[in-house]
Amino acid sequence: MASLFVIHGRDQGARFELDDSVHSIGRTQANSIRLHDTEVSRNHAELVRRGDGYLLRDSGSSNGTFINGRAVTEQPLLTGDQVQVGRSTLLYTSSHDTPPEDLADLVNIVPITSGDDGSRIVASLSQTGGSEWLMPNARGSSNPFLAQARSNLQIMYRTALAVSHTLDIDQLLNRIMDMIFDWVDADRGCIMMKNLETGKLEPKVRRHRRGSQTQEKISISKTILDYVEEHREGVLTSNARDDSRWDPAQSIVNLAVREAICVPMQGRYDIVGVIYIDTAATPQRLVLSKGANQFTEEHLRLMIAIGHQAALAVEDTSYYKALVQAERLAAVGQAVASLSHHIKNILQGVRGGSYLIELGLNAHDNATSEGEADLDEAQSAVGTIRKGWSIVERNQERISALVLDMLTFSKEREPEPEPGQLNEVAADVVELMQTRADDLGVALQWQPDDAMPQLMFDPEGLHRAILNLVTNAIDACDETEQGAVTVATRYDEPHKTAYVTVQDNGPGIAPEDMEAIFTAFVSRKGGRGTGLGLPVSQKILEEHGGKITVASTVGHGSCFTLELPATMVAEDVADDHVDPQLRATQSFSDGSEDED
């Protein structure tokens, strides 16, 4: 299906699927593609299906409609076209692109069948080593032009490497400015980015040559900025008072700037910002330079190339952020839909229990309001009330468990380890779940390892992780004859690892479902499950430096194993956690022995 994906603007990250014959684009709610952009007209443009694609047609908008930076009245769209309306940019993708060729049968990787497959590596080279041939003096060249060309090529190569190693725009711009100051003898520099909302340039990075006052302000001529934006050209100024391009009344002439370079950060379709560097015209520098220019057209060409490379990187980073935002919105939508389903089921349970309670109360009132109370009817009414309250109570537990799982899964937290006995935590879970197992007719067995030492772990977190596994195991045996769940602990002293296993004889997990069981909101329990239990348990174990493994056979059950690094309790910590009554008894005993 064709789509429009907002990569710039207030609706960044939104995706609009195109499936109708006509789609309208505008600011009002009546449009199928509604943009919250004040620069977009109420009825800005429309998309009309033409064969396998769409035709974009401007609807007499105030600010015009653009495709790839060019104003259009009507034009067919191709995959990859960028549609600009107001301050919003949308990426068009067609649903009828040529599918990629399947090369699986055309490219064959030959396995190694013997000790020597006839191939040998004669040389290898790292990424850094690959740029050494670009050095000015490489290969012994004495040609100054060739040396300069290689130097500039090396600069661009390193710029490309630098901008490709980060997806943070602020970090990217700082790297660009650092490299410019390494390559160009400038006194001051600034990178300004275009605000997508206002269209104005805003300073993002500022630099001064080492030794200069870092608090000194940089005054940039608006004349230069306007010229660069309007003409999309880089500017080299030298002795501005003698430059015929600048009117004597313009701001550049009034600044104490002898030389300056300002270049556009020209992306694929538009200017995303500008880079500005200059040198101050101090008397000392004028004497030392003997009137020679510090910046040349070679510097200007180099800065234009750097600006273009930086702009492409900024655009790519912006597109990546838009994609991430779209994925987040999709994930939020999926989470809300899933949680709404589970909460609705819980509320239906509460409503059913409340109905039984109300029914029982009315029946009790009728049985006791007459002259002679009917004890049988009153007892039946109380039974109905208790049944309803039991339903409400179970759903209270479900909503409580859902909220706890949501908090645990969504919040980054560091475990709070304290001395504890893993056997006690697991035994508490078994005791807690015994009633549920009895109600479902499932035998719940507990097999602790008596050799389990006292360890450092987060008892609340591990209790939650074990509880989720035991709950799942009991539910899995609900429809199994003679269902059984075994919870066991084991301590591996040589490897300093503690294990908790939860084994059931339920239906097992199909191989095709194994990869999805730790995915959030994926549940195999129908309306009873939230799909958060296993992901929460996995997250808790990973926070402890451990992991969860699973072995399952369809028709024979599953076995989940919690593997936890055994962190021993230090003696001073152990003393701090000795039971106070035991400490008092020990002190009394020690005192008595001293008196004897």
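In the predicted model, strands β22 and β23 form a hairpin in which three residues lie between the two strands. Within this turn, G555 has a positive phi of about 90 degrees. Strand β22 spans residues 547–553 and pairs with β23 in the antiparallel sense, over seven bridges. One of the residues bridged to β23 is T549, whose partner there is T561.

Strand β23 also pairs with β21, which comprises residues 497–504. This pairing is likewise antiparallel and extends over eight bridges. Here, A498 has L564 of β23 as its bridge partner. Strand β23 itself covers residues 557–565, and seven of its nine residues are buried, so the strand is largely enclosed by the rest of the structure. The cut-off applied for burial is a relative accessible area under 20%.

A nonpolar patch on the surface is formed by I343, L347, I399 and V403. Together these four residues present about 290 Å² of accessible area. The elements that contribute two or more residues to the patch are helix α6, residues 297–369, and helix α7, residues 375–410. The relative accessible area of I343 is 33%. Because this value lies between the limits of 20% for buried and 50% for exposed residues, I343 is classed as partly exposed. The value is also over the 30% relative accessible area required of patch residues.

Key. Residues numbered from 1 in each chain as written. Predicted model: local features only at pLDDT ≥ 70, side-chain atom pairs only at ≥ 80, totals over all residues. Heavy atoms only, no water. Buried < 20%, exposed > 50% of the residue type's maximum accessible area, 1.4 Å probe, protein only. Helix = DSSP H or I, 4+ residues; strand = E, 2+ residues; numbered from the N terminus. Pairing = 2+ DSSP bridges. Patch = residues over 30% accessible without salt bridge, like charges linked within 9 Å, V, L, I, M, F, W, Y side chains within 5 Å. Areas by Shrake-Rupley, 256 points an atom, 1.4 Å probe, with all protein chains shown as cover. Salt bridge = Lys/Arg side-chain N within 4 Å of Asp/Glu carboxyl O.
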